[in-house]
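Thanks for coming. I will go through one model this morning, one chain at a time, and then the place where the chains touch.

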Amino acid sequence: MIKKSIEFPGNLESLQAISQFVVQSAKSSGLNDADIYALELAVDEACTNIIEHAYGCQGDNKINCTCESVLDGIKVIIKDSGCAFDPKDAQKPQIGVCLEELKSRGVGIYLMDRLMDEVNHAFIPGGGNVLTLVKRHSV
Amino acid sequence: MEYTITPHKRCNVITLVGRVDGSTAPSVESALKMVLAENMYNIVIDMTDVDFMSSAGWWVLIETQKECKKSNKGEVVLVNVKEKIRSSLNLVGMDTYFKMFDDVIDAVGSF
């Protein structure tokens with residue numbers, strides 16, 4: 001099984017490079033185009049949350065991204081050293097409300113849950129978070 | 001991410017090219033604000049050449065739609081949204097806030 005890690009600067013300009021790394025790994029793992037896009041979007045939403053919320057768009061922080069081919073798909077592990085944040089604590093997005101009442105909360109985390117087969121979060125002792133996303137081959 | 005703005009008689013067409021994520025969504029926002037600053041509220045967004053759009057991009061479109069629809073001043077409509085992007089919009093119900101067209105001419109003609 002192939003496993004590769006890259007450390008990226010923890011800023012919004014890294015999002016494209018992170019996506020390229022994840023998409024290439026997903027292709028190598030044999031995911032179809034729809035599943036690759038789902039993974040790309042979930043990882044982008046996760047990293048955007050880290051950069052904007054855990055790091056507050058400040059400082060010389062890093063995001064470590066590991067892509068690992070597994071038997072039935074791909075596992076992506078994203079590590080940061082920012083504020084502890086459990087996605088389960090995020091506000092739920094509003095769905096089906098009228099346009100005027102719509103507020104931009106919780107959509108990224110909701111999308112991750114809907115698009116991925118597994119989403120697991122853990123705190124790193126001493127600071128930081130580990131987010132694990134699993135996308136399996138569609139049958 | 002690049003954009004062009006093409007004025008028409010009853011609307012403006014904004015053509016986006018590339019990837020819209022947290023780092024490029026502010027460029028899209030700038031383009032839309034430029035149009036709104038001219039009191040032009042009928043906007044066609046051509047997404048034929050957009051291969052990726054995260055929620056950061058959607059929120060820019062949503063906030064612009066709110067502004068345009070306020071007091072029925074106008075509307076944002078979308079053209080050629082790729083199926084993979086449309087599917088993710090559907091997941092969070094955001095597709096319901098926009099009319100979608102397959103062709104720029106039809107979208108322009110709707111105003």
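Before the helices, a word on how their packing is described: axes are lines fitted to C-alpha atoms, for helices over the stretch in contact, and angles run from 0 to 180 degrees between N-to-C directions. Helices (H or I, at least four residues) and strands (E, at least two) are DSSP runs, numbered from the N terminus. This is a predicted model, in which local features need pLDDT of at least 70 and side-chain atom pairs count only at pLDDT 80 or more, while totals for chains, interfaces and linings use all residues. Residues are numbered from 1 along each chain as its sequence is written, and chains are lettered from A and ligands numbered from 1 in the order in which they are written.

Chain A, then. It has 3 helices and 5 strands, and along the sequence they come in the order β-α-α-β-β-α-β-β. The radius of gyration of chain A, taken over C-alpha atoms, is 15 Å, close to the 14 Å from the globule rule for 139 residues, so chain A is as compact as a globular protein of that length. That rule is 2.2 Å times the number of residues to the power 0.38. The C-alpha trace of chain A spans about 45 × 35 × 25 Å along its principal axes.

Of the 139 residues of chain A, 37% count as buried. A residue is buried if 20 or more other C-beta atoms lie within 10 Å of its own, exposed if 12 or fewer, and partly exposed in between, with C-beta atoms placed from the backbone. Two residues are in contact if their C-beta atoms, placed in that way, lie within 7 Å. Among contacts in chain A between residues at least 6 apart in sequence, 65% join residues at least 24 apart.

Now the helix pairs of chain A. How do helix 2 and helix 3 of chain A pack? Helix 2 (residues 33-54) and helix 3 (residues 107-115) of chain A pack at an angle of about 150°, and their axes are 9 Å apart. That makes helix 2 of chain A roughly antiparallel to helix 3 of chain A, a label for angles over 145 degrees, where under 35 is roughly parallel, 65 to 115 roughly perpendicular and the rest oblique. Their crossing is left-handed. The term means that the near helix is turned anticlockwise from the far one by less than a right angle; clockwise is right-handed.

On the helix 2 side of chain A, the residues that meet helix 3 of chain A include A:Ala38, A:Leu41 and A:Ala42. Across from helix 2 of chain A are A:Gly108, A:Leu111, A:Met112 and A:Leu115 in helix 3 of chain A. By class, this contact has 7 nonpolar, 3 polar and 1 charged residues. Ala, Val, Leu, Ile, Met, Phe, Trp, Tyr, Cys and Pro count as nonpolar, Asp, Glu, Lys and Arg as charged, and the others, Gly among them, as polar.

Helix 1 (residues 15-28) of chain A also packs on helix 2 of chain A: their axes come within 9 Å and cross at roughly 145°. This crossing is right-handed. The contact divides into 9 nonpolar, 2 polar and 3 charged residues.

On to chain B. Helix 1 (residues 25-37) and helix 2 of chain B have axes that come within 9 Å and cross at roughly 15°. They are therefore roughly parallel to each other, and the crossing is right-handed. The residues that meet include B:Val28 and B:Leu32 in helix 1 of chain B, and B:Val60 and B:Thr64 in helix 2 of chain B. Here the classes are 6 nonpolar, 2 polar and 2 charged.

Two loop residues deserve a mention. Most residues other than glycine have a negative phi. B:Asn39, in the loop between helix 1 and strand 3 (42-53) of chain B, has a positive phi near 60°. B:Asn39 counts as exposed, with 8 C-beta neighbours inside 10 Å. B:Asn72 lies in the loop between helix 2 and strand 4 (75-79) of chain B, with phi near 55°, and is exposed.

Last, where the chains touch. The contact takes 19 residues from chain B and 23 residues from chain A. The largest share of chain B's side, 7 residues, comes from helix 2 of chain B.
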